[in-house]
Amino acid sequence: MTRTFAAALLFSATTLAGCSSSAAAPAYDTPVLKVTGAYIRQPVTDDMAAGYFTVTNTGRQPDTLTGATSDAATSVTMHRTTAQNQMEPVKAFSVPAGGRLVLRTGGDHLMLMGFGKKPTVGETITLRLRFASSDSITVRTPVEPTTYQPSN
Ligand SMILES: [Cu+2]
């Protein structure tokens, strides 16, 4: 009788330990990011181009886009567009859990400046996106005409 009780206690203690260790860092409890639809517009001037893309987060935790670099430009900054249609720099864009960050014309965008050689339509540049939690994502990014509008 006593021995059975002790065995039952031991069993439940083991079960609890197993539960708590698996709850410590479940694989799904992170941001899970995917970047789609990236492009830059061929610069109108020699020294400035805007970049756009969508970051989809299928994870259960939010993340933050904290910066970007490019093989084609010495400076990549993040801009938002104000109600007065002015651009202003921001330090970060949030990527909500189970949501999307959408950079699009007339809204949030990357600003690329300082080209060694002006990117032209048909070429591909590289954007490397840095996030607060997730690993950096490198995106091969086509150069599109200044009139290009994505279909989605
Ligand atoms: Cu801008």
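Does His-79 count as buried or exposed, and at what relative accessibility? Keep that in mind while we walk through this predicted model together.

1. **The answer, and a partner.** His-79 has a relative accessibility of 10%, so it counts as buried, the cut-off being under 20%. His-109 is buried as well, with a relative accessible area of 4%.

2. **The copper site.** The copper ion has the protein donors His-79 (ND1), Met-87 (SD), His-109 (NE2) and Met-111 (SD), at 2.1 to 2.2 Å from the ion. Follow the donors along the chain and you will find the spacing H-x7-M-x21-H-x1-M. The histidine pair links distant parts of the chain: His-79 belongs to strand 4 (residues 73–81) and His-109 to strand 8 (residues 109–115), 30 residues apart.

3. **The geometry of the site.** The 4 donor atoms make angles of 91 to 121° at the copper ion, and the site is tetrahedral. For orientation, the ideal angle for four tetrahedral donors is 109.5 degrees.

4. **The overall layout.** Now step back to the whole chain. The protein chain has 1 helix and 10 strands, and, reading from the N terminus, the order is α-β-β-β-β-β-β-β-β-β-β. Of its 152 residues, 34% are buried. Among contacts with a separation of 6 or more, 68% are between residues 24 or more positions apart. The chain exposes about 9,300 Å², with carbon and sulfur atoms supplying 55% of that area.

5. **The neighbours of strand 9.** One place to look is Ser-70, whose bridge partner in strand 9 is Leu-127. Strand 10 (residues 137–144) also pairs with strand 9 in the antiparallel sense, over 6 bridges. Here Thr-124 has Pro-142 as its bridge partner. Strands 9 and 10 form a hairpin, with 5 residues between them.

6. **A word of caution.** The chain averages a pLDDT of 86, and 81% of the residues score at least 70. Residues 7–24, however, stay under 50, and the model gives them 0 contacts beyond four places in sequence. Where pLDDT is low, the predicted coordinates should not be read in detail.

Technical notes. Residues are numbered from 1 along each chain as its sequence is written. This is a predicted model: local features need pLDDT of at least 70, side-chain atom pairs count only at pLDDT 80 or more; totals for chains, interfaces and linings use all residues. Side-chain values use heavy atoms; hydrogens and water are left out. Two strands pair if DSSP finds at least two bridges between them. Helices (H or I, at least four residues) and strands (E, at least two) are DSSP runs, numbered from the N terminus. pLDDT is the predictor's confidence in each residue, from 0 to 100. Contact means heavy atoms within 4.5 Å. Buried means under 20% relative accessible area, exposed over 50%, partly exposed in between (1.4 Å probe, protein chains only). Accessible areas come from the Shrake-Rupley method with a 1.4 Å probe; for residues, only the protein chains shown count as cover. Donors are N, O and S atoms within 2.8 Å of the metal (3.2 Å for Na, K and Ca); water is not among the atoms, so sites may look incomplete. Four donors count as tetrahedral if all angles lie between 85 and 135 degrees; four count as square planar and six as octahedral if opposite donors are over 155 degrees apart and all others between 65 and 115; anything else is irregular.
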